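Trainee: I would like to learn how to read a model of this kind, one feature at a time. Please give the general idea, then the case at hand.

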Amino acid sequence: MTLLVQILMVVLAVAGTALVLLGAVGILVLTDVYTRMQAASKAGSLGAACILLSAAMYFSELELVVRALTALVFLMLTIPVAAHVLGRAAYLAGVPLAKESVMDELHGRVEGRTNSPGGQDEPNPPDPAPE
């Protein structure tokens, strides 16, 4: 194994660890379920990708590389979908947005949701009159 490959493995492992740590800090620090979920899904998936690539480079046996890449593809396909589904379920369940949120683009477009960004209930705006 060349020095360049070893350096790349260490950089990937450290970057992956840092991303996973940032995701964990984001879960603790951010204000509402939507931003927490975004931090966990983005940082967690990218961190896991870096760690899996580093492990695949370290072991460099075909079977282990295939396993690591298969796990990587699985994570990249499922984590964003799971985060979207959980976010949508939270929105439909009426979980309020953070008070700092300035816009709710789905307000009035999705049935079953009436909470505004600040968590105050507002009636849905009336439908425009047909012309």
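Trainee: Which residues is Leu12 in contact with, leaving aside its neighbours within four places in sequence?

Mentor: Contact means heavy atoms within 4.5 Å. By that rule Leu12 is in contact with Cys50, Ile51, Leu53, Ser54 and Met57, once neighbours within four places in sequence are left aside. Take one of them: Leu12 and Met57 are 45 residues apart in sequence, and their C-alpha atoms are 9.8 Å apart. This is a predicted model, in which local features need pLDDT of at least 70, side-chain atom pairs count only at pLDDT 80 or more, and totals for chains, interfaces and linings use all residues. Residues are numbered from 1 along each chain as its sequence is written, and side-chain values use heavy atoms, with hydrogens and water left out.

Trainee: Is Leu12 buried or exposed?

Mentor: Buried means under 20% relative accessible area, exposed over 50%, and partly exposed in between (1.4 Å probe, protein chains only). Leu12 has a relative accessible area of 17%, so Leu12 is buried. Over the protein chain, buried residues make up 24% of the 131 residues.

Trainee: How many helices and strands does the protein chain have?

Mentor: Helices (H or I, at least four residues) and strands (E, at least two) are DSSP runs, numbered from the N terminus. The protein chain has 3 helices and 0 strands, in the order α-α-α from the N terminus on. Leu12 lies in helix α1, which covers residues 3-29. Helix α2 covers residues 33-59, and helix α3 covers residues 62-92.

Trainee: What do the buried residues of α2 pack against?

Mentor: They pack against α1 and α3. The buried residues of α2 include Ser45, Cys50 and Ser54. Ser54 has a relative accessible area of 8% and is therefore buried. Not counting residues up to four places away in sequence, Ser54 touches Met9, Leu12 and Ala13. Ser45 is also in α2, and its relative accessible area of 8% is why Ser45 counts as buried. With the same exclusion of residues up to four places away, Ser45 touches Ala40, Met76 and Ile79.

Trainee: Where is Ser60 found?

Mentor: Ser60 is in the loop between α2 and α3. Its phi is near 45°, a positive value in a residue other than glycine. Ser60 is exposed, because its relative accessible area is 51%.

Trainee: How many aromatic pairs does the structure hold?

Mentor: A pair of aromatic rings is described by the distance of the centres and the angle of the planes. Rings of Phe, Tyr and Trp (its six-membered ring) pair if their centres lie within 6.5 Å; planes under 30 degrees apart count as stacked, over 60 as edge-to-face and the rest as tilted. The structure holds 1 aromatic pair. Tyr58 and Phe59 form that pair, which is edge-to-face, with 5.0 Å centre to centre and 80° between the planes. Phe59 has 44% relative accessibility, so Phe59 counts as partly exposed.

Trainee: How many salt bridges does a search of the whole structure find?

Mentor: A salt bridge is a side-chain nitrogen of Lys or Arg within 4 Å of a carboxyl oxygen of Asp or Glu. The search finds 1 salt bridge, where the side chains of Arg67 and Glu63 meet at 2.9 Å, N to O. Arg67 and Glu63 are separated by about one helical turn, because they are 4 residues apart in helix α3. An α-helix has 3.6 residues a turn, so residues three or four places apart point the same way. Arg67 is exposed, and so is Glu63.

Trainee: Which residues make the nonpolar surface patch?

Mentor: Patches are made of residues with over 30% relative accessible area and no salt bridge: like charges are joined within 9 Å, nonpolar side chains (Val, Leu, Ile, Met, Phe, Trp, Tyr) within 5 Å. Here Met1, Tyr58, Phe59 and Leu64 make a nonpolar patch of about 420 Å². Accessible areas come from the Shrake-Rupley method with a 1.4 Å probe; for residues, only the protein chains shown count as cover.
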